[in-house]
Amino acid sequence: MDVPYDKGLSRRNLLKLAGIAGVAVQAGALVVAGKQEGKSSESYTGWESFHPGTQFFDRKPFEFEGPSHAPVGEVRRPSHHTDYVFQRVGSFEQAYRKHPGWTLEDPIENLELIPELEAFYKEFPERLEWDFKTFSETIPNNREDSAKYNNYYLLAEAYEAGFSAHSRFLRGPTDPPEKSDFPGRDMMGRPPRNPVPFRTPDLASEFVKEIAHRYGATLAGITKTNPNWLYSEGWRGCPQDYDFSVMPAHWENAIVIGVPMEWDVVLSNPQFGTSNDAYDRVTTAALRLEGMIKFLGYPVRSHTPLTDYDLLVPPHAVEAGLGEIGRTGFCITPEAGGNCRMAVITTNLPMTMDKPIDYGVARFCNKCKLCAESCPSGAISMADSPDGLVIRGYEHWYINNGACYNYWRETMGPMGCRLCVATCPYSRKDNWLHDLARKIDPRDPTGAVSSGLLQIQKRLFPYPAASEYHRPPQGRFASFRPEPPYLEVDKYLDIAVTKPGK
Ligand code: SF4
Ligand code: SF4
């Protein structure tokens, strides 16, 4: 029997009404959710924002009072002539071209090198051997190999050429810091403004990092510039008689930014990889930051892979809390491992400094050695720890950049190697497994987690032996992983291809 309801509403009608009300509530909820969604900037089309979410690792628990690097001996500032590999091999090449019959048996004086370089080679004769080998043997061999195999790497080279073409538009300073770093008239012809004060250094730091991310930097940190890590000569735009002994006062603060290389091509190193994607992006982000800070009235100079550096980047990156120095000499970051190309922006804009972090890289590197075992040139130290390895007054891993450069000139495809980036367990994408490892390993005082992870890496993921990366017949121009599908020459190009192989 139907139960009578107040106001003459039958049960059936009540249910109908409830159904209608339910639909109305759902529709209302949809409208509210739609409105919320519509208000979100994420719902609009446009260039995807880079935002601080890219720097997702919580550094706070691992911070310590710096500095991370303290001298253990007499400090010698780095030299463009000897320590900066491109300039050193360039100087050697010029001398060797003038004296093409020179061999290692001949007196070094016959090469007529600049005095700094001659003294360096006398102190480190193995560097002279490697640089000599590069130009007397490796480059001639590479020409032969390229004639045979180059077509196989044509798309990788074409891909890289796009980044290189853009990089030619990115320019560094052409005047000394006292002139080039200071703001001039802006695009509208307005005179430079006096430095605009921020409310607090904390807010200045927050703002600079936010904008750095928006300009394309994946990582950003801030530290004091260390005069010990400035090149001892050859700052851009400076005459030879410039006083390089004193750091310009307005370089006091260093903003360090980083951008990873594209993962697909990192994995296909050495033969199909390039650094120029990240070089281009990090340089672009640095130049944008430079422009923004100048606009606010502060002097600023950026030091980037494509406009050159007046200072060393990795130790500044470490002091700025971006990561730790690994066996490879890179700053290994929690988010991207060693897969991170970096730039520094020096300025006197007052900002709050970041602190260095200890999240276990140094301990892990002592037992890992994956990069050193894979390195085709043997450039990376196999020592059990960096203890006692003192370079220019600081204790850290030894990298033979002459041996490394020699192998760069042996590879196919775009020049370079970067295999040590591809092999490093820290250079792994952010998925749940790696994220878990990032969280647990640094908190494990026993080292058991890192040992387990290392065994997983070594046993479950086979990779070529170091010799396989070399030219035939010793090797087969191996890559860490095959090229990504979009660089497969067979698939896209109607040309004959000879693949190196055993
Ligand atoms: S880039 Fe290649 S050759 Fe150079 S250190 Fe790394 S793995 Fe070795
Ligand atoms: S591969 Fe291993 S030893 Fe080399 S930098 Fe990475 S963690 Fe350190």
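Cys331 is buried, its relative accessible area being 5%; here buried means under 20% relative accessible area, exposed over 50% and partly exposed in between, with a 1.4 Å probe and protein chains only. The model is predicted, so that local features need pLDDT of at least 70 and side-chain atom pairs count only at pLDDT 80 or more, while totals for chains, interfaces and linings use all residues. Residues are numbered from 1 along each chain as its sequence is written, chains are lettered from A and ligands numbered from 1 in the order in which they are written, and side-chain values use heavy atoms, with hydrogens and water left out.

The structure holds 0 disulfides, a disulfide being a pair of cysteine sulfur atoms within 2.5 Å. Cys331 accordingly takes part in none, and the nearest cysteine sulfur, that of Cys340, is 7.3 Å away.

Another buried cysteine, Cys417, has 8% relative accessibility and belongs to the surroundings of ligand 1, together with Cys375, Pro376, Ser377, Ile380, Cys404, Trp408, Arg418, Leu419 and Cys420. Membership of this shell requires a heavy atom within 4 Å of the ligand. By class, the shell comprises 8 nonpolar residues, 1 polar and 1 charged; Ala, Val, Leu, Ile, Met, Phe, Trp, Tyr, Cys and Pro count as nonpolar, Asp, Glu, Lys and Arg as charged, and the others, Gly among them, as polar. Two or more shell residues come from each of α13 (401-408) and α14 (419-423), where helices are DSSP runs (H or I, at least four residues) numbered from the N terminus.

Helix α13 is itself mostly covered, with 7 of its 8 residues buried, including Tyr405, Tyr407 and Trp408. Among the elements covering these buried residues are α2 (85-98) and α4 (125-149), contact meaning heavy atoms within 4.5 Å.

Nonpolar side chains tend to be buried together in soluble globular proteins. A nonpolar core is a set of buried Ala, Val, Leu, Ile, Met, Phe, Trp, Tyr and Cys residues joined through side-chain atoms within 4.5 Å. The largest has 54 residues, of which Phe92, Tyr121, Ile255, Ile257, Leu289 and Ile345 touch the most other members. Helix α9 (residues 276-295) gives the most to this core, namely 7 residues. Beyond its neighbours within four places in sequence, Ile345 contacts residues including Ile255, Ile257, Leu289 and Arg301. A second, separate core of 26 residues includes Tyr84, Phe244, Val318 and Leu322.
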